[in-house]
Amino acid sequence: MTTWLEIANGDVDQDSPVTQPLMTGLRDNVRAAAEGATGAPVLSAGWHPFDKSDTDSTEVGDVYDFSDDGTVSTITSPTFEDGYEYAFIFDGVSSSNASATALNISLYRDTTAAYSSAIPIMSGLTSNTELIFGTLQVQLPRVARWMHSTKWIAKGHTIIGVTLTLTSGVDATISTAAKQTVSAARFSFDLGSFDAGTIRMIRRREYISG
Amino acid sequence: MARHVVFDRIEEDVEELVPVRGTIVNRRGIKAPGVVFEKKTVTKVRHVKRIVEDDE
């Protein structure tokens with residue numbers, strides 16, 4: 001992998017010498033960034049943790065981590081920024097209530113200034129030992145539209161113990177009375193609270209909304 | 001008592017040295033186009049996680 005060179009302001013200001021390491025860095029940094037070399041900026045066109053700007057920073061996009069946040073009944077995402085679309089990685093998420101049947105999403109509609117009703121993205125849950133996995137994309141939330149939809153881009157499934165594929169995720173569509181943008185997502189179960197697993201938020205650049 | 005995860009959006013204006021095109025003067029006093037640095041205010045966005053409780 002090509003080495004990334006951090007070029008300080010003082011190396012390129014007035015009267016700074018054009019040195020061999022500087023010229024090598026200027027030549028190699030494009031390749032180093034394309035390769036995702038340590039220290040290079042994260043390429044925004046590809047999926048990356050929403051809070052990670054350089055490859056050597058430790059952020060992983062944690063929105064919920066049971067070991068840090070404990071049992072919570074709703075999880076509200078950070079605010080979506082113009083120019084990006086978002087996805088959520090569910091890893092071993094579970095409800096505390098044995099009667100829970102659905103994991104729901106609500107999207108915050110900016111013009112209406114309220115969350116949509118809760119719409120299932122995983123239904124048919126049967127147990128509070130059932131763990132949810134998958135990656136859910138919220139498609140182009142910052143583009144004003146009549147409808148906003150979600151899609152499982154790594155298929156959402158659940159397991160109980162070592163039994164695979166008990167339940168499959170469903171895609172949600174939220175219609176609005178006026179064309180508008182969406183600025184956050186909120187997750188909840190129909191019954192009970194989140195009491196296991198992690199949710200991470202990733203994003204990638206789109207060139208429609210900004 | 002129900003607990004919720006929420007994020008606060010925090011916008012911070014920070015002063016940064018930003019490279020801009022300008023005119024530099026070399027030691028012989030000859031002007032030429034080059035890179036100069038200007039202090040500019042850049043808005044950076046952070047999201048800070050918070051747990052809130054309510055009586056739901």
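Which residue in strand 1 of chain B is the bridge partner of Thr74(A)? Keep that in mind as we walk through this predicted model.

A word on names and limits before you click. Residues are numbered from 1 along each chain as its sequence is written, while chains are lettered from A and ligands numbered from 1 in the order in which they are written. Local features need pLDDT of at least 70 and side-chain atom pairs count only at pLDDT 80 or more, but totals for chains, interfaces and linings use all residues.

**Select chain A.** You will find 3 helices and 12 strands; these are DSSP runs numbered from the N terminus, helices being H or I with at least four residues and strands E with at least two. The C-alpha trace spans about 70 × 45 × 25 Å along its principal axes. Chain A has 210 residues, and 31% of them count as buried (20 or more other C-beta atoms, placed from the backbone, lie within 10 Å of the residue's own).

**Zoom in on strand 3 of chain A, residues 74–76.** This strand and strand 1 of chain B pair in the parallel sense over 2 bridges; to pair, two strands need at least two bridges found by DSSP. Select Thr74(A) and you have your answer: its bridge partner in strand 1 of chain B is His4(B).

Technical notes
Buried ≥ 20, exposed ≤ 12 C-beta atoms within 10 Å, placed from the backbone.
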